[in-house]
Amino acid sequence: MGSVSTAREQDDLLEAVRFGPDGLVPAIAQSVSGDVLMLAWMDRAALLATLNSGRGTYFSRSRGKQWTKGETSGNVQLVRRVRYDCDGDAILLTVEQTGPACHTGTATCFDDRDLPLSVRDGA
């Protein structure tokens, strides 16, 4: 993964990304096999850190600071692709996940957390 060296190159690269009023954009981490692993938030610095390092880097709203997945747990995300959606207001990371993605120890943050659907068969 090549790095972005100048401030102008960084600005050009992120022009299509629409950060919210809080300076954040939602980022979905998806495994290379297609499983949705987690949802986190990125500010401009975290997105640039991800692009430059190839490791999933996010912004913690509760702690008010940047963090890199696996820095304490060892459950690293190696980023293989970064895309943004049609409106530029969401990021999709394709990652190779080492160990569980969720801080609770489950493979994904969406394991065993189903809400019941009242409507079936698309009705």
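In helix α2, which spans residues 44–53, the buried residues are A46, L47, L48, T50 and L51. Buried here means under 20% relative accessible area, exposed means over 50%, and partly exposed covers what lies in between, with a 1.4 Å probe and protein chains only. Helices (H or I, at least four residues) and strands (E, at least two) are DSSP runs, numbered from the N terminus. The model is a predicted one, in which local features need pLDDT of at least 70 and side-chain atom pairs count only at pLDDT 80 or more, while totals for chains, interfaces and linings use all residues. Residues are numbered from 1 along each chain as its sequence is written, and side-chain values use heavy atoms, with hydrogens and water left out.

An α-helix has 3.6 residues a turn, so residues three or four places apart point the same way. The buried residues of α2 pack against α1 (7–14), β2, β3 (57–60), β4 (65–68), β5 and β6, where a contact means heavy atoms within 4.5 Å.

V17 is found in the loop between α1 and β1, and it counts as buried because its relative accessible area is 9%. The C-alpha atoms of V17 and A90 lie 7.8 Å apart, although the two residues are 73 positions apart in sequence. In α1 itself, Q10 has a relative accessibility of 18% and therefore counts as buried; its C-alpha atom is separated by 16 Å from that of I91, 81 residues away along the chain.

At the other end, α2 is followed by G54, whose phi is positive, near 75°. G54 is among the residues touched by L78, together with R55, T94, V95 and E96, when residues up to four places away in sequence are not counted. L78 belongs to strand β5 and counts as partly exposed because its relative accessibility is 30%. Between L78 and G56 the C-alpha to C-alpha distance is 6.6 Å, across 22 residues of sequence.

β1 and β2 instead pair in the antiparallel sense, over 6 bridges, with Q30 standing opposite V36 in β2. The hairpin of these two strands has 4 residues between them, and there G34 takes a positive phi near 105°. Beyond the sheet, in the segment after β6, lies D112, a residue other than glycine with a positive phi near 55°; D112 counts as exposed because its relative accessibility is 79%.

Seen as a whole, the chain has 2 helices and 6 strands, which follow one another as α-β-β-α-β-β-β-β. Its C-alpha atoms fill a box of roughly 50 × 35 × 30 Å along the principal axes, and buried residues make up 35% of its 123 residues. Of the contacts between residues at least 6 apart in sequence, 43% join residues at least 24 apart. The accessible surface comes to about 7,700 Å², with 51% belonging to carbon and sulfur atoms, as given by the Shrake-Rupley method with a 1.4 Å probe, where for residues only the protein chains shown count as cover.

Note on methods: Pairing = 2+ DSSP bridges.
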